[in-house]
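Thanks for coming. I'll take a few minutes on one structure, which will be on the screen in a moment.

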Amino acid sequence: MTPNTDILRDQTFDVLLFNLESLKDHPELSEVVKAYLEGDYKTILRNRTSQTLYGKLVETVSLSREDQDASFQDAGFQDDVSAVQVLIVGLAAFNAFLQANVTGPPTDWGNVFPKKDNETACREQCLKSLDVDGVSVYQHIPYVQLFCLARLVFTVFFPRIIGGEFRDCRWMRVRINAYHQRLLSGLSGGSMSDFSMLQNVIEKDLKELEGEILGEKSVLGTEAKVQFLLEKAQIYIMQGLDIKARENVRLVKMVSGFSYALSGALGKKTKFQQNDISQLVVFAKSRESEEATSDEPVGNLKDTTLTSGVKRSGPIALELNDDTLLESIEFAKSDKIDNSALPPELADLKPDSQPQLKPLDQITLLTEATLKDALSPLDKLNSEEILPYAVRVLSDKPMNWQIYTQALLVRSRIEAHRSRTQERSVLQLQVIVDQIIADTQEESLPGTDGVPEIRVTQFLPRAKESESAAVSERLKYIFQLNTPTRWEIETELAYAWSGVGSFVSALDIFKRLKLWAEVALCYHSIGQEDKARQIIRRQLYSSSKGPEMDLYGIDAEEVVNEKWDGELRPTPPHAPRLWCILGDLDNDPTCWDRAWTISKKRYARAQRSLGEFWTKEGDLEKARESYLAATIVNRQNNDTWSRMGDIDLRVGNWDGAVIAFQQSIMIDDTDAKTYSNLGSALLSKHAEMMKLQKAQAKGVLVPQDDDDEGEVDFSKDKKEDPKAILHQALKAYKRAASLAHDNWKIWDNVITIAGRLSPPSFPDLLLGLRSVIRIRGPSVGEAAVDADILRALVLEVTSSERPENINLAESPENNGGIYIPPRGSLARALLSMVDSEIIPLITKRAELWVLVEKLSLYERDYSNALKCAERAWRMVTGGEEWMLDAEAWKGVVGATDNLVSAYENYGPMEVDGKEVEKGWRSKARSAVKGVMGRGRDAWEGSEGWEVLEGRLEELKC
């Protein structure tokens with residue numbers, strides 16, 4: 001047995017992906033291996049193994065997975081050598097597909113496979129084989145057969161028992177399925193999570209791969225492990241799973257030893273800035289490479305970036321050309337830079353003079369930026385924090401073609417959020433699109449592949465072949481970068497143009513790509529609904545005037561008034577989505593029903609639209625059935641669960657609402673509305689449980705509706721404590737308030753629930769009240785203060801023992817006898833809120849000064865307590881209403897009585913050897929006489945008058 005055969009038997013095909021060079025001397029594999037390593041995929045795709053596999057694809061593309069697998073039984077691939085040949089054909093087919101659609105350079109792939117009479121039918125079958133749950137891929141993908149051939153190899157041929165050994169290539173299967181998922185979501189109007197079948201397969205393979213690649217017995221080196229983790233992060237970013245994506249980025253840093261941090265450095269950002277201020281900058285440094293040894297693990301790949309002597313090719317980085325912003329931050333030239341907050345390995349770096357990063361480390365920074373940009377809330381602050389990651393990579397001047405292109409793309413996406421950089425964002429994206437189209441556009445005449453012909457006039461001349469990057473360089477990091485296809489990036493450019501108001505440019509792109517759904521939606525966005533309806537109906541219906549109407553373009557004069565009201569066409573690609581859009585335009589539930597039917601009850605969007613329609617119509621039972629059907633098909637859509645919970649909340653199905661909202665939160669825990677609704681459901685459930693308990697205690701039988709017999713009663717499985725339910729409601733509201741911290745209504749709910757607890761949760765009452773005052777105080781002033789809640793807090797503090805403050809600087813002896821509560825206590829927090837947030841708002845509400853007086857007494861600040869009593873009395877007696885209204889008169893009598901008591905209690909007190917108020921008795925008499933003098937004509941002889949007379953007599957003693 002040859003040594004090369006031993007390699008095949010001793011390692012998995014996943015490891016072999018990084019060790020193909022070891023097969024270059026194998027007599028039967030050397031030619032195909034060398035061709036693959038040199039990027040000569042056309043030679044591989046023309047060999048006998050490839051032609052056999054392509055023949056199997058043509059024969060079985062429309063068959064089930066089991067029938068496809070059975071067709072390989074007599075294909076002759078029964079030993080390790082033939083298995084490796086099949087593996088390399090699959091790799092070459094996938095790379096050729098990516099070269100033709102993503103990276104370039106341009107190559108004519110039309111003559112790779114033999115021409116057949118049914119070539120068009122084969123292409124259509126390949127496209128149809130990629131449909132999932134009623135969703136189709138883009139119908140004009142160039143050379144989609146190459147992708148289907150690679151998919152046949154890695155999802156049907158592998159795994160397989162060959163020569164008595166189990167052979168599989170999970171890593172490539174993950175890549176194929178993830179790309180398939182991307183092709184489906186890119187232009188379907190859905191998200192990655194809409195295709196749960198593919199997502200489950202990907203997740204299963206990723207878990208098994210993780211053990212093989214990152215486990216203790218792994219033979220793969222650091223670079224292979226980093227590549228795997230970066231791929232996982234990119235997959236999770238596409239699927240919208242930000243927590244998993246962040247975890248894998250964290251693991252990348254740990255495995256690679258790459259150190260980076262977002263920090264600040266003094267510098268100038270604008271042309272007119274005089275002084276240096278702190279600017280955000282990313283400090284980054286790669287781990288120093290150790291010399292490779294002979295026993296180095298496989299997967300530590302040599303760097304294939306261009307040497308410094310070769311001119312870097314790729315899109316040109318456009319200048320900003322702004323009248324205010326500088327092209328880049330001018331950092332202060334100083335030897336004294338405070339980097340003490342940075343990790344030790346970054347402490348000696350200067351912001352404008354940092355070391356060159358390794359390619360994978362550059363990709364890590366771009367992944368970090370993409371993660372934050374795609375999955376973080378859109379605001380100016382986040383954009384300011386994200387941009388430095390892309391700037392750090394661009395300032396590093398990456399020599400790898402694909403990394404450089406991706407860095408420009410990431411910067412363009414981030415700059416789209418700012419008005420001053422939006423123009424460069426769109427133009428830079430246009431330059432990238434021009435470059436990618438030019439590099440994936442063949443020089444030969446367009447064939448009959450069904451692909452829209454694209455001819456681009458570039459800003460800049462096309463790169464010469466000697467200046468253009470080799471295909472091996474472009475594809476080396478393609479999976480870690482997750483670079484978009486040419487039609488995806490063109491679509492992104494169209495949305496960018498529409499974002500700046502250029503709908504004509506957006507429409508031109510959508511029309512050229514034949515994305516009729518997007519064309520219709522674009523017309524709808526500018527109010528041309530009739531045109532949008534006409535475009536959608538043309539895809540679904542024929543013309544009553546005959547088939548000759550199909551020969552005209554959508555803008556031809558002959559079809560301006562065409563209704564497209566003929567017979568239904570055969571089901572076109574993307575039919576469920578088209579029917580849903582037509583339903584949205586016509587508000588017609590039959591369209592959504594048809595979308596559900598033709599997707600074989602797999603297109604969840606149709607049921608979501610039906611649920612929304614029936615909700616507006618008031619038929620909540622039908623609406624719930626629709627949302628339930630949507631969750632059965634796709635359990636990963638949090639909005640569907642949330643809407644079903646809303647319906648359960650409206651009909652009083654508290655258990656169902658709780659479960660629905662919890663499911664939604666498990667998918668996305670950043671939606672404040674869902675948490676708030678969960679709190680409402682739990683609160684309603686608590687009220688119902690208390691009602692049942694009271695009824696049972698009285699011996700009253702509470703009747704149950706017969707309609708509920710079919711519902712699942714989760715509360716019967718175990719005894720639930722109403723107090724625990726109330727605590728859960730409080731937690732839900734607090735989480736909602738933390739997410740929507742400027743929504744005072746949610747904070748008001750926090751106050752309500754905290755007050756219902758037994759005993760009340762006073763820290764939460766304080767937190768809620770403080771937040772409401774913070775939000776509403778600037779607009780409504782003292783009306784934002786809930787006096788009842790403040791009174792409860794004051795009572796809780798003043799009726800409790802004063803906690804000891806061990807801080808000597810805050811002792812009464814050092815503060816004029818005034819008591820200062822210890823830090824962290826409820827009393828300290830309450831006093832802080834009252835002093836800083838409530839007192840500045842008080843203008844008319846005397847009861848607030850009364851409560852402040854009690855707190856001052858608690859502090860033993862008698863002088864301030866007396867002042868508060870005086871202020872309360874002045875507010876009550878300041879108007880004229882009390883001389884006419886009996887209730888107001890009672891309030892004045894009470895305030896005057898309270899003021900007299902305050903003078904009697906606080907006036908004689910001594911502070912620093914002096915009385916708080918020397919003439920307290922005369923001031924008290926003066927206050928009483930003043931009120932009696934003003935109210936004599938109206939209230940003499942009344943009960944309140946007698947109270948004041950009594951207080952006046954007491955003061956004469």
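This is a predicted model: local features need pLDDT of at least 70, side-chain atom pairs count only at pLDDT 80 or more; totals for chains, interfaces and linings use all residues.

The chain has 957 residues, and 50% of them count as buried. Its secondary structure comes to 40 helices and seven strands. Of the contacts with a separation of 6 or more, 67% are between residues 24 or more positions apart. The accessible surface is about 46400 Å², and carbon and sulfur atoms account for 50% of that.

Now the interior. In soluble globular proteins, nonpolar side chains tend to be buried together. Here the largest nonpolar core has 171 residues. The members that touch the most other members are Leu 45, Phe 94, Leu 98, Phe 154 and Leu 365. Which helix gives the most to this core? That is α7, residues 80–103, with 16 residues.

Let me stay with Phe 154 from that list. Setting aside neighbours within four places in sequence, Phe 154 is in contact with Leu 87, Gly 90 and Leu 91, and also with Cys 169, Met 172, Arg 173 and Ile 176.

Strands of a sheet pair through backbone hydrogen bonds, either parallel or antiparallel. The one I want to show is an open sheet of three strands, in the order β4-β3-β5, with antiparallel pairing. Why is one side of β4 and of β5 left without a neighbour in the sheet? Both β4, residues 277–285, and β5, residues 325–331, stand at the edges with a single partner strand each, so one side of each has no neighbour there. On average, neighbouring strands of this sheet are turned by 50° against each other, direction ignored.

Take the two pairings in turn. β3 and β4 form a hairpin, with six residues between them. They run antiparallel and are joined by nine bridges.

Ser 259 lies in strand β3, which covers residues 259–270. Is Ser 259 buried or exposed? Its relative accessibility is 7%, and the cut-off for buried is under 20%, so Ser 259 counts as buried. The side chain of Ser 259 makes a polar contact of 2.9 Å with the side chain of Glu 345. Beyond its neighbours within four places in sequence, Ser 259 is in contact with Phe 283, Ala 284 and Lys 285, and with Pro 343, Glu 345 and Leu 346.

Past β5 we come to Asp 352, in the loop between β5 and α14, the helix of residues 359–375. Asp 352 is partly exposed, with a relative accessible area of 40%. Leaving out neighbours within four places in sequence, Asp 352 is in contact with Phe 331 and Lys 333. With Lys 333 there is a polar contact between the side chains, at 2.7 Å. Asp 352 and Ile 329 are 23 residues apart along the chain, and their C-alpha atoms are separated by 8.9 Å.

Gln 402 lies in helix α16, residues 401–415. At 1% relative accessibility, Gln 402 counts as buried. What does Gln 402 touch, not counting residues up to four places away in sequence? The answer is Thr 103, Arg 474, Ile 478, Leu 481 and Thr 483.

The other is Lys 723, in helix α31, residues 722–739. With a relative accessibility of 55%, Lys 723 counts as exposed. Lys 723 and Leu 757 are 34 residues apart in sequence, and the distance from C-alpha to C-alpha is 7.5 Å.

That is what I have.

Notes:
Residues are numbered from 1 along each chain as its sequence is written. Side-chain values use heavy atoms; hydrogens and water are left out. Helices (H or I, at least four residues) and strands (E, at least two) are DSSP runs, numbered from the N terminus. Buried means under 20% relative accessible area, exposed over 50%, partly exposed in between (1.4 Å probe, protein chains only). Contact means heavy atoms within 4.5 Å. Accessible areas come from the Shrake-Rupley method with a 1.4 Å probe; for residues, only the protein chains shown count as cover. A nonpolar core is a set of buried Ala, Val, Leu, Ile, Met, Phe, Trp, Tyr and Cys residues joined through side-chain atoms within 4.5 Å. A polar contact is a pair of N or O atoms within 3.5 Å; within protein, one must be able to donate a hydrogen and the other to accept it, and residues adjacent in sequence count only if both atoms are side-chain atoms. Two strands pair if DSSP finds at least two bridges between them. Axes are lines fitted to C-alpha atoms, for helices over the stretch in contact, and angles run from 0 to 180 degrees between N-to-C directions.
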